[in-house]
Amino acid sequence: MSVSAEPTSVDPRRNGSVPADTGAARTDTLRPHAEHAFADELTALAAQDDRPRPARWRLSPWAVATYLLGGTLPDGTVITPKYVGPRRVVEVAVTTLATDRALLLLGVPGTAKTWVSEHLAAAVSGDSTLLVQGTAGTPEEAIRYGWNYARLLAHGPSRDALVPSPVMRAMAEGRTARVEELTRIPADVQDSLITILSERTLPIPELGQEVQAVRGFNLIATANDRDRGVNELSSALRRRFNTVVLPLPETPEAEVDIVTRRVEQIGRSLDLPAVPDGVDEIRRVVTVFRELRDGVTADGRTKLKSPSGTLSTAEAISVVTGGLALAAHFGDGVLRAGDVAAGVLGAVVRDPAADRVVWQEYLETVVRERDGWSDFYRACREAGV
């Protein structure tokens, strides 16, 4: 016997979100969901999308890829890039969701796995909120289902007493479910996905029933490839996924572009100064992070020790955003070296003993000698070595 939940509609005005002409929401919500923040772009794509769409998809695979990578529609509508990276990576990810394989986005911290996952779900299903956040304490109920114990005690096991998980709802409604940080979830809980992904069925033995996935259902999981050994995926579960590795930005220019775009988006929601005034500082932050991350200076002449942290693009975005806030509230609104120095120090020195030595050596042998970086060197010295 199969049961299914009633589909829930997605209201673009939920949480007070009001899409703006720019494609980004201007709202009291600090961080609107992707389907609300970019509602205008999704609507424009849907209106001009005449390509075949898989069952229950809001857009065709081509339009989903265009939404993530950006472009200009025939009517002149500009679709802003949500992901800056290899086109083929996005095309493979989108195509996977149109098959019977689930999608695993794998990469080091800060490679936009969660960001891509959210925007894929928003473009495919119009709802990015069917989310399971993986932690060491994630229970099996978060993936399968739970119970309303007041109803369970009063009336016994029944469909009304059952509390569906986001995955169960996605199966019943033909939507895209998301599981973040899959390798953080205990192994026995991870394996509850095997039947769901292989049989497209979720048994409810207490009721003698099951939920069968309807067409349109699929699942996107993310995992940090530095978490190996935490809760490794079983071979049985890994076979149910098509793995797509999200790489770090290939060039400094690409990483500067990513950081600038994201800081502009975050800054608008926080009423921070415009980013163009601080592009030079963004470039310096990215240069420091890339050189320490790669263990060599940009010109390839000097080998460097790498700190224990990841120094990811996401961390660069955080450092620059914090610097903009300092410039806005305690400066003249222009991002300068003194505004980012403390953030860079905090990102690099995670291990007070080992990382501090790495940072001091880099500061004295590279930053101090680099033309045009004297202000950054002084600011970093003042922030503390």
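Helices here are DSSP runs (H or I, at least four residues), numbered from the N terminus. The model is a predicted one, in which local features need pLDDT of at least 70 and side-chain atom pairs count only at pLDDT 80 or more, while totals for chains, interfaces and linings use all residues. Residues are numbered from 1 along each chain as its sequence is written, and side-chain values use heavy atoms, with hydrogens and water left out.

Helix 12 itself spans residues 279-294. Just after helix 12 comes glycine 295, with a positive phi of about 75°.

Two of the covering helices also meet each other. The axes of helix 15 (residues 354-367) and helix 16 (residues 374-383), lines fitted to C-alpha atoms over the stretch in contact, come within 11 Å and cross at roughly 155°. Because angles over 145 degrees, taken between N-to-C directions on a scale from 0 to 180, count as roughly antiparallel, helix 15 is roughly antiparallel to helix 16. Their contact (heavy atoms within 4.5 Å) is made by Trp359, Leu363, Glu364 and Val367 of helix 15, together with Phe376, Tyr377, Cys380 and Arg381 of helix 16.

Key: Helices (H or I, at least four residues) and strands (E, at least two) are DSSP runs, numbered from the N terminus. Angles under 35 degrees count as roughly parallel, over 145 as roughly antiparallel, 65 to 115 as roughly perpendicular and the rest as oblique. The expected span of a helix is 1.5 Å times one less than its number of residues.
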